[in-house]
Amino acid sequence: MPGLILFRRRWAISSDDFVYPSIGDGLIRIAWLTTLIIILAVHKNGFNCTYGHDLKVFYIGTIVLNGIGLITAIILAHISMKGTMKDNWPRRNINYVIYVKLFMFVPEACWVCVSTYWAFAHDYECYWSVYWTARGAVLCSWIIGFLTFVAIAVAFDPLGTIIRSSSTTSASETLEFAGNKTASQIWERRCRILCCCIRNNEDTAPAFTDVGKIVAEFFKDLDLVATDIAAGLMLVQEKQVHSDTQLAGVDVHGYNQPQQSDQGMRISGADVVGYNQPQQSDPGTRIAYPKSWMTIFNMAHYMKYAMASYGWPFYMYQNLFTGICGLFTQCRCCSCVRTANAIFKDNSCQCNTAAIKKISGLKNEDLVYVTFHNRFKQVPFYVALDREKNSVVISIRGTLSLQDALADLSAKGADLEISGVDNSYCHAAMLDCARYIKTQLETKHLLEQAFSQLPEGAGLVITGHSLGAGVAAILSVLMKPEYPDLICFSFSPPGGLMSPGASKYTRDFVCSVVVGQDLVPRLGMYTLVDLKVKLLRALCETNQPKYKILVSGCIRLICCIGPSKDPPTERPLMRGRSNSKYTEERPLVFQDALRNAEQQLEEIGKTQWPLHPAGQILHVKEIHNVTLPCTGEPQYTAVWSDAKHFDKIVISNKMVTDHIPNTVGRALDQLAERNYVPSILVHPLRQC
């Protein structure tokens, strides 16, 4: 529902968001009251000491104020539970209760100040439990007061000051009026505050501005609070799961289940010599057959190089208890004195380089060049010798800093000059990162130095994960004319990377890997607005109270269980209240926002070119309800897919964890151990 209007301004909280805060407040006050009453009853004659009268007054006054606060919290929770997200009429009087609660902060604040003096200004000779309980209560009061101040600051909406005085103005029009004036500047300022450690220069200043405009454009005409969005995502997930279960013979992502066990599917050497042929093809479905070097073995092998680029933070994440001991054997202490020609911008003990060697299995002589220099559009990378595969490997690090995150969000398009490919463009910031690496390779003659240490006929492999995957794919395009035989392994690449023509061009030399329901390969302005439409549509169709939706979703998230596969039941809207002035003045903002979002989605589909991950895409999927014996780890399958099958965001509790590098590496290692041969995609992804 729309944000709450208090003191003639909009706040980033709605009238049905007070259920759980009020319950928590009530429980704290009940515990507080119980303790004070017990102490007062047990030691009713224990206040005859020096300054004992002040303590007795403190106990009585605190009990009275907490009793009033408890009653207010109960009333506030009761009113906030009424109605639904669309039907806020039962909560029409909640503002008065909030005003009373806010007014009570004044006497409570004064009482806490006086109580602090009484509790700590004297040396009492009373029972220790009497004055220490008072002191503990005072300290709790200050902590609760601070948390209340933080909650008010979080609920503060900088755009809420611009409110039209006319009673006929809709909430959506009000938000649009405010957003057109200041929203992009406010989001830009928030981004600058979040990334305050990034130096403001001629490169970052436009990036902050672009990010602010993108976020403001996405939230335009969207008068929803954070809990509305959370509840909407939970409803979208339920709809997606229910829609997927209706696809007979097709798994939850719209792909054919394997028709035979992979146990008998064996391959010889490092190359795949055959694939399962599709039994049928839907009209318009294009099937691209992968190259012979695009094997599970090669993917698992080069994923280690991509993981190693993250350095010691990722190694410690993988080895929480033994990581320090493992790195100690490879560290090079006092490296600031004992300099190494091939390593730059590492810490004093070269922990990042040590992690590279531990994860990838490389030796010192295999590292041609390692740099952890990290600035905006300048990502860390290293060049290594893969003597096992007789190849030179360029591994590019993914997002691990605010500079990297800013590069991810700088989603402007830039021309990617590819001979013979029309409308070729890509992610502008990642293109600049690729050009930076290419310049470093050329000016330092790194590849010439690397190839000179390998036998003749050595190949070039470029790899990376996440941001590094996108940069690796673009770098492979830039270096393709000079190194026509190069190959690229792009793990969990960003979705908004390349135009369709450029993505199709890279199929011969770029292999992308996406695991499960990974969010990043599906991210893009079109997919985000599409999710926005689905979210608003789900909110329009539901008639459940928000607090019930949130508690059920949190239980599923904590217990790692999926939503019910039964179709969601919706009750018809009740109590039309056509004669209510309140209802006439508060339009159905969900329907208004949904219409605006649908128009925005249609505009984007017409005016903006779609962006896809690069090259051939292997989709590694978890087999539901099937785990490996003993370990309990999920069992994976894989299928060669197409970029268009990642044009929808899938809401899942694994949409983030499936992007983590060790999840990708573990899935590929498991498939490699089983000698798994991926099948070819038959049916396209169906919309929920």
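This is a predicted model: local features need pLDDT of at least 70, side-chain atom pairs count only at pLDDT 80 or more; totals for chains, interfaces and linings use all residues.
The structure as a whole holds 0 disulfides. For C488, which is in no disulfide, the nearest cysteine sulfur belongs to C511 and is 8.8 Å away, and for C511, also in no disulfide, the nearest cysteine sulfur is that of C488.

## Segments listed as transmembrane

An unreviewed UniProt entry lists residues 18–42, 57–77, 98–120 and 132–156 under "transmembrane region". Two of these spans can be described from the model itself. Residues 57–77 are 100% helix and 0% strand, with their end C-alpha atoms lying 30 Å apart, while residues 98–120 are also 100% helix and 0% strand, with 32 Å between the end C-alpha atoms.

## How α1 meets α2

Two packed helices are described by the angle between their axes and by the distance between those axes. For helix α1, covering residues 19–42, and helix α2, covering residues 52–81, the axes come within 8 Å and cross at roughly 155°. Angles over 145 degrees count as roughly antiparallel, and α1 and α2 are therefore roughly antiparallel to each other.

The crossing of α1 and α2 is left-handed. The residues that make up the contact of α1 with α2 divide into 18 nonpolar, 7 polar and 2 charged.

## Two serines with positive phi

Most residues other than glycine have a negative phi. Against that background, S466 has a positive phi of about 60° although it is not a glycine. The loop that holds S466 runs between β9 (459–465) and α15 (467–479), and S466 is buried because its relative accessible area is 9%, which is under the 20% cut-off.

Another serine, S492, has a phi near 50°, which is a positive value in a residue other than glycine. The place of S492 is in the loop between β10 (487–491) and α16 (500–505), and with a relative accessibility of 0% S492 counts as buried.

Methods
Residues are numbered from 1 along each chain as its sequence is written. Side-chain values use heavy atoms; hydrogens and water are left out. UniProt positions are given in the numbering used here, feature names are shortened, and annotations may be inferred rather than shown by experiment. Helices (H or I, at least four residues) and strands (E, at least two) are DSSP runs, numbered from the N terminus. Axes are lines fitted to C-alpha atoms, for helices over the stretch in contact, and angles run from 0 to 180 degrees between N-to-C directions. Angles under 35 degrees count as roughly parallel, over 145 as roughly antiparallel, 65 to 115 as roughly perpendicular and the rest as oblique. A crossing is left-handed if the near helix is turned anticlockwise from the far one by less than a right angle, and right-handed if clockwise. Ala, Val, Leu, Ile, Met, Phe, Trp, Tyr, Cys and Pro count as nonpolar, Asp, Glu, Lys and Arg as charged, and the others, Gly among them, as polar. A disulfide is a pair of cysteine sulfur atoms within 2.5 Å. Buried means under 20% relative accessible area, exposed over 50%, partly exposed in between (1.4 Å probe, protein chains only).
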